[in-house]
Amino acid sequence: MDILKLTKNFALEAVKFIAAGAPIVPEEVFKERLETCNSCEHLSGDKCMKCGCTMSVKCKWGTAACPINKWGAVNTK
């Protein structure tokens, strides 16, 4: 995936997060998501090479979901 597409994907995720009121997941959910990402073959440093997102940030967003369905958005209300 090229850098422009990765950047666009991250921007779209950020817009969705902000539009929803910036919901943050509980710490337990964040840790589970990050653990899943840290064991994924598509992670390079802290960046997902499938979606272009920085995972230590994206894993906190309630509106976010893994691009290959390893975890999904949650209701944070």
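**Close-up views of the predicted model**

**View 1. Phe 17 and Trp 61 are both buried.** The term buried denotes a relative accessible area under 20%, exposed one over 50%, and partly exposed the range in between (1.4 Å probe, protein chains only). The model is predicted, with local features requiring pLDDT of at least 70 and side-chain atom pairs counted only at pLDDT 80 or more, whereas totals for chains, interfaces and linings use all residues. Residues are numbered from 1 along each chain as its sequence is written, and side-chain values use heavy atoms, leaving out hydrogens and water.

**View 2. Ring pairs join Phe 10, Phe 17 and Trp 61 in a cluster.** Rings of Phe, Tyr and Trp (its six-membered ring) are paired when their centres lie within 6.5 Å; planes under 30 degrees apart are termed stacked, over 60 edge-to-face, and the rest tilted. Across the whole structure, the search finds 2 aromatic pairs. In the tilted pair of Phe 10 and Trp 61, the centres are 5.8 Å apart and the planes 35°. Phe 10 belongs to helix α1 (residues 3-19) and Trp 61 to the segment after α3 (55-58), so this pair ties together parts 51 residues apart in sequence. Helices (H or I, at least four residues) and strands (E, at least two) are DSSP runs, numbered from the N terminus. Phe 10 is partly exposed, at 28% relative accessibility, while the relative accessible area of the buried Trp 61 is 8%. Phe 17 and Trp 61 form a stacked pair, 4.5 Å centre to centre with 10° between the planes. Phe 17 also lies in helix α1, so its pair with Trp 61, in the segment after α3, ties together parts that are 44 residues apart in sequence.

**View 3. Helix α1 buries Leu 6, Glu 13, Ala 14 and Phe 17.** These residues cover an arc (taken from the directions from the helix axis to the C-beta atoms) of only 100°, which puts them on the same side of α1. The buried residues of α1 pack against β2 (47-48) and α3, contact being defined as heavy atoms within 4.5 Å. On the face turned away from the buried side are the exposed residues Leu 4, Lys 8, Leu 12, Val 15, Ile 18 and Ala 19. The 17 residues of α1 reach 24 Å from first C-alpha to last, close to the 24 Å expected at 1.5 Å a residue; the expected span is 1.5 Å times one less than the number of residues. Just after α1, Gly 21 adopts a positive phi of about 95°.

View 4. With a relative accessible area of 13%, Glu 13 is buried. Apart from neighbours within four places in sequence, the contacts of Glu 13 are Cys 53, Lys 58, Trp 61, Thr 63, Ala 64 and Ala 65.

**View 5. Phe 30, Arg 33, Leu 34 and Cys 37 are buried in α2.** The buried residues of α2 fall within an arc of 95° when seen down the axis, so they line one face of the helix. They pack against β1 (43-44) and α3. Glu 28, Lys 31 and Glu 35 are exposed on the other side of α2. Helix α2 (residues 27-38) has 12 residues and spans 16 Å from its first C-alpha to its last, close to the 16 Å expected at 1.5 Å a residue.

**View 6. The charged end of Lys 60 sits over the ring of Phe 30.** The distance to the ring centre is 5.4 Å. A charge counts as sitting over a ring if NZ of Lys or CZ of Arg is within 6 Å of the ring centre and within 35 degrees of the ring normal.
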